[in-house]
Amino acid sequence: MSTKINRRNWLKSSLMAASSLTLAPHLAWSSSAKKASSSVIWEIEHPSYYWDAAPTLKAKLNANENPYGPSESVKRAISEAVAVGNRYGHSDAAVLIDMIAEKEGVTPDHIMLGPGSTDLLEKTAISRFIKGGNIVSADPSYMSLINTAQAIGADWKAVPLTADYAHDLPAMEAAVDSKTQLVYVCNPNNPMGSITEPNALRNFCAKVSEKTPIFVDEAYLEFLDDPEANSMVDLVRKGKDVIVARTFSKIHSMAGLRIGYVVAKPERIKSITDMVRSTMGLCVTSIKGAAASMADGDFCAECKTLNTAAREYVCAELEKMGYKYIPSYTNFVIFPLHKDTVGEAFMKSMTAKGVGVRLYSFNNEPWCRVSVGTMPEMQLFTEVFKQVTA
């Protein structure tokens, strides 16, 4: 008991000290985050373009959200769950954990729930970097875990992606040292949409996890043609110190309902839950919705089919216009804008015409990341993009 109290006090004082930093864990690749790292890509921060304009956007393509849901079964489950909203959802969470454990081929003590996978990324960072150390990851990649680790005193050892935007696994392995507390892998990777070959990644994780835990973020896994072949969950089944994160935000279309999970060795789960709580942060509505979505395979399959068609359409249109996009395995596409494009003016014009996208700087050149929406939304994006860049 006293250990937990001491940890809480330490965490409180650490987070208070971190409040003076300029890092923004909720905004990846920000100009402020760049000052604290050697990142070659960062997000150009114009929050009003993303959020304040959202109600007026005709096509909100800036947050990698699934435009098709939640499914009807999820809506029904949530509606019915409201009536028991006066009760904590621990028993319902246990049911969901059993469902996930069966799906992943592990026992329930291998599963930890959280309000979205980002929450689990950040909780893992807190548990691993409470005494400092360093984190190894690709650069660029999703920054929530890294920014939280840095905010409480960790160093980031950033390893540039390969020429084809995959993780440079040999370089990442070489970066691991006696102070490395965690290696982070986002696969498929955000913001690039690229993928690292699964067998090479599996060998890397099996070997390097003998030295330090590996966190594999599989938020976009279900958009792949063969998700199971690309997942690292089989390493957890074999007892490797690998943490795999999944979310209901993407293919399940529950981004605003906030629920996700990690699969890891029971002792690794316990090392996190000894410091932070798991199911206490979940709403019974989200838990019931997630259980319903897991039982509704047809909805997710349809979303994947529609996403693939819309993604292929926008990629073909970009190619016709002379833009070289990075081949995507996700529900977004990123590509460099032409060198004469002024990033801020581009964003203002796109937003003014009702289309929200994300702007990044990569080697001091502007890049656009567009989420894959419905086919009419992608057609609108293409039309507006042509007007803005004419």
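The model is predicted: local features need pLDDT of at least 70, side-chain atom pairs count only at pLDDT 80 or more, and totals for chains, interfaces and linings use all residues. Residues are numbered from 1 along each chain as its sequence is written, and side-chain values use heavy atoms, with hydrogens and water left out.

The chain has 16 helices and 13 strands; helices (H or I, at least four residues) and strands (E, at least two) are DSSP runs numbered from the N terminus. Of its 390 residues, 57% are buried, where buried means under 20% relative accessible area, exposed over 50%, and partly exposed in between (1.4 Å probe, protein chains only).

**Contacts and nonpolar cores**

- Among contacts between residues at least 6 apart in sequence, 72% join residues at least 24 apart; a contact means heavy atoms within 4.5 Å.
- A nonpolar core is a set of buried Ala, Val, Leu, Ile, Met, Phe, Trp, Tyr and Cys residues joined through side-chain atoms within 4.5 Å.
- The largest nonpolar core has 41 residues, and those with the most contacts inside it are Ile111, Leu113, Val183, Phe204, Cys205, Ile214 and Val242.
- Helix α5 (residues 90-104) supplies the largest share of this core, 5 residues.
- Another core, of 24 residues, lies apart from it and includes Met112, Leu121, Phe129 and Ala149.
- Leaving aside neighbours within four places in sequence, Val183 is in contact with Val136, Met172, Val176, Phe204, Val208, Thr212, Pro213, Ile214 and Phe215.

**Helix α16**

- The 15 residues of helix α16 (residues 375-389) should span 21 Å at 1.5 Å a residue, and the end C-alpha atoms are 21 Å apart, which agrees.
- The expected span is 1.5 Å times one less than the number of residues in the helix.
- The buried residues of α16 are Glu377, Met378, Phe381, Thr382, Val384 and Phe385.
- These buried residues pack against the helices α14 (297-320) and α15 (343-352), and against the strands β2 (59-60), β10 (332-336), β11 (355-356) and β13 (365-371).

**Backbone**

- Asp139 and Pro140 are joined by a cis peptide bond with omega of about 10°; Pro140 lies in the loop between β4 (134-139) and α7 (144-151).
- Asn190 and Pro191 are also joined by a cis peptide bond, with omega of about 25°; Pro191 is in the loop between β6 (180-186) and α9 (198-208).
- Ser253, a residue other than glycine, has a positive phi near 60° and lies in the loop between β8 (242-247) and β9 (260-263).
- Ser253 counts as buried, at 7% relative accessibility.
- Arg258 is not a glycine either, and has a positive phi of about 60°; Arg258 lies in the loop between β8 and β9.
- Arg258 is partly exposed, with a relative accessible area of 31%.

**Cavities**

- The structure holds 2 cavities of 30 Å³ or more.
- On a 1 Å grid over the protein atoms alone, a cavity is a set of points where a 1.4 Å probe fits but cannot get out, and lining residues have an atom within 4 Å of a point.
- The second largest cavity has a volume of about 40 Å³, a volume being the space filled by probe spheres set on the points, which are joined across faces, edges and corners.
- Its lining consists of Glu65, Asn66, Pro67, Tyr68, Phe223, Cys303, Asn307, Asn331 and Val372.
- The lining residues of the second largest cavity divide into 5 nonpolar, 3 polar and 1 charged, with Ala, Val, Leu, Ile, Met, Phe, Trp, Tyr, Cys and Pro counted as nonpolar, Asp, Glu, Lys and Arg as charged, and the others, Gly among them, as polar.

How values were computed:
1 Å grid on protein atoms, 1.4 Å probe; cavity = no way out; pocket = protein on both sides within 12 Å on 5 of 7 lines; lining within 4 Å.
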